[in-house]
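Please take a moment with the sequence and the structure shown here before reading on.

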Amino acid sequence: MTCRVLVVDDSRSMRALIAETLRRDPRIEVVGEAADPLAARDAIKELNPDVITLDIEMPKMNGLEFLERLMRLRPTRVVVISSLTERGAATTIRAMEIGAMECIAKPSPKDRASFDDLAQKVVQIGAAPKPMGPPVRSRVEDVVASDKSFTPDGRIVTIGSSMGGVDALFTVLSALPANCPPTVVVQHMPALFTQSFAARLDRACKPSVAEAKDGEPLEVGRVLIAPGGSAHLELVKRGRTLCRLVEGDTVSGHRPSVDVLFRSAAKVSGPNTLGVILTGMGRDGAEGLLELRNTGASTIGQDEATCIVYGMPRAAYEIGAVETQLPLHKIGPRIVAVTNAAKARVSCP
């Protein structure tokens with residue numbers, strides 16, 4: 001089935017580049033282009049595209065305002081294509097909170113690498129369920145442990161996510177108490193975007209959230225997000241458990257890779273780890289999660305019904321890496337229950 005795409009960008013050259021890239025894939029039909037939100041509004045009514053690629057810095061109407069109206073009045077699958085700047089990154093994270101399903105950095109004139117998987121992502125999004133409206137943070141089932149009723153049991157929590165992971169991580173991390181277990185996250189996201197994402201999470205969640213730095217120790221009450229694009233994040237033991245940022249080729253198609261994080265955790269903390277794999281395209285993290293489970297670690301996978309793309313969790317589930325499969329709103333509370341030393345130790349059924 002052909003995925004019908006509308007390209008929205010105020011730059012004629014960027015519209016041409018996006019359309020040219022998408023047309024190379026026989027599964028995609030570029031049905032139209034628009035230079036501003038007002039033209040986009042008319043084109044959406046006329047063409048009813050499956051997916052919209054959207055620049056959020058455009059004339060005549062703020063891109064975020066346009067996206068908010070679109071998600072409220074005519075919910076649509078949207079891919080944000082944003083400038084790789086600090087301002088562009090912050091705006092893009094806000095767009096994904098409003099309802100955009102993926103973010104891709106605009107390539108520089110000398111480097112088009114950021115568009116290498118644009119077509120594949122658009123096809124995957126076109127096959128995903130159509131949004132029903134502006135996202136509502138998933139209901140957190142059960143009462144989240146208060147700081148006083150939760151005592152971390154010494155385990156490390158490792159989380160991997162990709163497409164759809166912005167909303168999923170907000171949901172999971174907002175269920176954790178301020179003194180949560182040491183937590184490390186790999187979310188597939190362009191460089192600079194992860195810094196803005198970590199800042200948004202830090203304001204929204206009880207634990208402290210920051211982009212990970214090389215040599216930074218894991219600590220109770222702190223969530224570390226792997227920097228996007230430039231290096232893999234590994235866990236190493238130097239008396240304490242530390243983050244190590246390692247340059248190298250992509251692994252499982254990504255840098256940072258969820259597989260790299262999970263495999264390092266299997267070596268460093270083994271059964272004293274809780275591994276979690278959330279929504280995402282492809283299979284990054286599946287093999288690493290299996291290695292973790294084989295050490296005796298508990299593992300959780302997001303279920304198909306609540307995933308934007310049931311790719312990474314499916315791959316992990318099919319090879320036996322997932323011990324417990326849960327809907328998104330139950331994952332945060334399960335992390336709390338499993339790692340709470342203040343109660344009888346709970347294992348995933």
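The paragraphs below go through the sheet, a helix lying across it, and an aromatic pair.

This is a predicted model, in which local features need pLDDT of at least 70 and side-chain atom pairs count only at pLDDT 80 or more, while totals for chains, interfaces and linings use all residues. Residues are numbered from 1 along each chain as its sequence is written, and side-chain values use heavy atoms, with hydrogens and water left out.

Five strands with parallel pairing form an open sheet in the order S2-S1-S3-S4-S5; helices (H or I, at least four residues) and strands (E, at least two) are DSSP runs numbered from the N terminus, and two strands pair if DSSP finds at least two bridges between them. Strand S2 (28–34) and strand S5 (102–105) stand at the edges with a single partner strand each, so one side of each has no neighbour in the sheet. Strand S1 (residues 3–8) pairs with S2 in the parallel sense over six bridges, and Val-5 stands opposite Val-30 in S2.

The structure also holds one aromatic pair, where rings of Phe, Tyr and Trp (its six-membered ring) pair if their centres lie within 6.5 Å, and planes under 30 degrees apart count as stacked, over 60 as edge-to-face and the rest as tilted. Because the planes of Phe-170 and Phe-197 stand at 70 degrees, with ring centres 5.9 Å apart, the pair is edge-to-face. The pair links distant parts of the chain, with Phe-170 in helix H6 (residues 165–173) and Phe-197 in helix H7 (residues 193–204), 27 residues apart.Helix H2 (residues 37–47) lies across S1, S2 and strand S3 (51–54), contact meaning heavy atoms within 4.5 Å.

Notes:
Axes fitted to C-alpha atoms, helices over the stretch in contact; angles between N-to-C directions.
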